[in-house]
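Hi,

Here is the structure I said I'd pass on.

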Amino acid sequence: MEMEKIKGTKISHRKYGSGCVESLSGNYMMVVFSDGILRKFRYPDAFEKFLKIEDDNLTDDVEIDLNRRRLEEDYIDYNNAQKVFTDSLEFTRRKKEEQEKKRLQQIEKQRRMQRMREQVVQQGSHKKTWNSTRER
């Protein structure tokens, strides 16, 4: 909502009573209450629970701003959920890659061990052959 529209608007607060909007800057508005105290409220959030606007012409504008805020929050929640889901998928993918890498390393290790066994067997048979020819 534009500052000019809401400035000077009468509002009521369930605890502080009636007041008047002094200023609106970004997401905050300053309200002066009948006791002379200036209080700061988050705009438009304060109208959900604490404040009630007394100008029926501006009620729709505040409601529009509240709905816009809710949509922004829903959008942020959706993006956060999407990021968590994407991160989860990425984590799962990395985990599977690590498991596959370990599996391939294990297979390679088994192959090396098998080749070493074969070499030992071959060397052993050469020794036997060499020893048998020597004994003759």
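Predicted model: local features only at pLDDT ≥ 70, side-chain atom pairs only at ≥ 80, totals over all residues.

Residues are numbered from 1 along each chain as its sequence is written, and side-chain values use heavy atoms, leaving out hydrogens and water.

Aromatics to begin with. The whole structure holds 3 aromatic pairs (ring centres of Phe, Tyr or the six-membered ring of Trp within 6.5 Å; planes under 30 degrees apart are stacked, over 60 edge-to-face, the rest tilted). Tyr16 and Phe33 make a tilted pair, because their ring centres are 5.4 Å apart and their planes sit at 55°. Tyr16 lies in the loop between β1 (10-13) and β2 (17-25) and Phe33 in strand β3 (residues 28-33), so this pair ties together parts 17 residues apart in sequence (strands are DSSP runs of E, at least two residues; helices are runs of H or I, at least four; both are numbered from the N terminus). Phe33 is buried at 3% relative accessibility, whereas Tyr16 is partly exposed at 27% (buried is under 20% relative accessible area, exposed over 50%, partly exposed in between, with a 1.4 Å probe and protein chains only). Tyr16, Phe33 and Phe41 form one aromatic cluster.

Now the salt bridges: the count is 12 (a side-chain nitrogen of Lys or Arg within 4 Å of a carboxyl oxygen of Asp or Glu). One of them joins Arg70 and Glu48 at 3.0 Å, N to O. That pair links distant parts of the chain, with Arg70 in helix α3 and Glu48 in helix α2 (residues 46-49), 22 residues apart. Arg70 is partly exposed at 32%, and so is Glu48 at 43%. Asp87 and Lys83 also meet in a salt bridge, again at 3.0 Å; being 4 residues apart in helix α3, they are separated by about one helical turn. Shared partners join Glu90, Arg93, Arg94 and Glu97 into one salt-bridge network.

Finally, which residues form a negative surface patch? They are Glu72, Glu73, Asp74 and Asp77 (patch residues have over 30% relative accessible area and no salt bridge, with like charges joined within 9 Å). Glu73 is in helix α3 (residues 56-135) and is partly exposed at 39% relative accessibility.

Cheers

How values were computed: Patch = residues over 30% accessible without salt bridge, like charges linked within 9 Å, V, L, I, M, F, W, Y side chains within 5 Å. Areas by Shrake-Rupley, 256 points an atom, 1.4 Å probe, with all protein chains shown as cover. Lys, Arg positive; Asp, Glu negative; His and termini not counted. Charge placed at Lys NZ, Arg CZ, Asp CG, Glu CD.
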